Amino acid sequence: MRYDLAVVGGGPAGLAAAVTAARAGCRVALLDSAPRLGGQYWRHQDDSGHGHRSWDTFSALRASLLSWQVEYRPGAAVWFVESDPDGFTLQQEGGPPVTAARVVIATGAYDRSLPFPGWELPGVVTPGAAQALLKGSGVAVGSRVVVAGAGPFLLPVAAGLLSAGVQVAGVYEAGAPLRYARRPGALAAGKLAEAAGYAATLARHRVPYRTRHAVVAAYGSGAVASVAVARLDRRGRPVEGSRRPVECDAVAVGYGFTPQLELPLALGCATQLDVDGSLVLTVDIAGRTTVPGVYAAGEVTGVGGAELALVEGRLIGAVAAIAAGRPAPMPEPELDRLLAARSAHRRFAALMHRVHAPPAGWLSWLADETLLCRCEEVPVSAVRAAVTSLGATDARAVKGLCRPGMGWCQGRVCGYPTAALTADLSGRALSAADLVTFARRPIAHPVQLGELAAPE
């Protein structure tokens, strides 16, 4: 069966796009690598909705998905996509290829990590990993946990750990949230109420919350036992004499998110740097990428949260349906309202990225022996030598000379820091081309050789 639209990703953006297009009469396939709908935002063990925001929204979308007979395929990781004369062919793990006239990319994002001495110790995880374990399996990452990095996401992670009975030793935000006060018009009442709720939870449990602070080292024998927390100056460098130890058996550290772009890059979609320095897809106001027939919604167009993803998903679902010759699934005033909401959410996202940007001086935390690529055990000194002694001038050359990004994660973890360090050593600003080096992967998802050898 050939579909009018194939949607990749079952999170807020993908769900909204699939349901909206199906309502307009499109034949829609929704392919998701997870065993359950919801993406990272609505990752869940059961249907109680406990610990989730906007659960009613998810329940309504899921019910609509079934009522409009969308072809939903769980556990269907799309590992390759290619264009053909009539549309696109998507290769999925464990199933036959899916063909569709149009594709919506809604693959979301994963945590962005910045290295520091000791980050290779067991017990050092990302906030997203800590939350995924808790939401998906009911497993706490530790009994005494430090939550650190930058971004509003740190707050729900800390609150979730507290609700599970975990002792949170502190929340350390590298940014300066008071900068939100400079743009009060960009803050919706809902955002303020949400932040106030998390703040009250931290206060009730007497959890220290420190801004302009960062974890700059981790220590332990066999596993993390403590971290060094330092106050940062306005350049993002640790203030001399401000380091202090904090005991913990786990630390969740992350600095925003990195969009998953393997599939659109395989199709040749253009990219650009977002406000937060991450690589995102270039799209127009209707969510169309630079490749005809390929649309994008949610975090792949710039990280902005679940509410923005839902709005973009509905818009892209409507646009794709109209392009397929179906009637508009909503009246024009509703489309105008969604466009206005998208603009408002995007303004907030831009402000959020400026407030919680990675500290400008994070490279000063690194020692020569600090591992930059944990998979291949490439230290910072090897990258410095590749640039200063071997003449490498870009991330691709560095990758070829000393192997960062060639291990198990394929650059998903070490790609951004390697590209940033290379650019800094070369005396220039980080560019989109630097990040594409590590984001482009011919096979988007680990797949068995038998899948590649199958006749079809």
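The model contains 1 cavity of 30 Å³ or more. A cavity is a set of points, on a 1 Å grid over the protein atoms alone, where a 1.4 Å probe fits but cannot get out. This is a predicted model, in which local features need pLDDT of at least 70 and side-chain atom pairs count only at pLDDT 80 or more, while totals for chains, interfaces and linings use all residues. Residues are numbered from 1 along each chain as its sequence is written, and side-chain values use heavy atoms, with hydrogens and water left out.

The largest cavity holds about 180 Å³ of space, a volume being the space filled by probe spheres set on the grid points, which are joined across faces, edges and corners. Its lining has 16 residues, and Y110, T258, L279, L435 and A439 lie nearest its centre. Two or more lining residues come from each of β16 (257–259), α11 (415–425) and α12 (432–439); α12 gives the largest share, 3 residues. Helices (H or I, at least four residues) and strands (E, at least two) are DSSP runs, numbered from the N terminus. The lining comprises 8 nonpolar, 4 polar and 4 charged residues. Here Ala, Val, Leu, Ile, Met, Phe, Trp, Tyr, Cys and Pro count as nonpolar, Asp, Glu, Lys and Arg as charged, and the others, Gly among them, as polar.

The second largest pocket has a volume of about 330 Å³. A pocket is an open set of points with protein on both sides within 12 Å along at least five of seven lines; lining residues, for cavities and pockets, have an atom within 4 Å of a point. Of the 19 residues that line the second largest pocket, A360, W362, Y416, A420 and L430 lie nearest its centre.

**Salt bridges**

The whole structure has 16 salt bridges, each a side-chain nitrogen of Lys or Arg within 4 Å of a carboxyl oxygen of Asp or Glu. The table gives examples.

| Pair | Closest N and O atoms |
|---|---|
| R235 and D233 | 3.7 Å |
| D368 and R384 | 2.4 Å |

R235 counts as exposed because its relative accessibility is 54%, whereas D233, at 22%, is partly exposed. Buried means under 20% relative accessible area, exposed over 50%, and partly exposed in between (1.4 Å probe, protein chains only).
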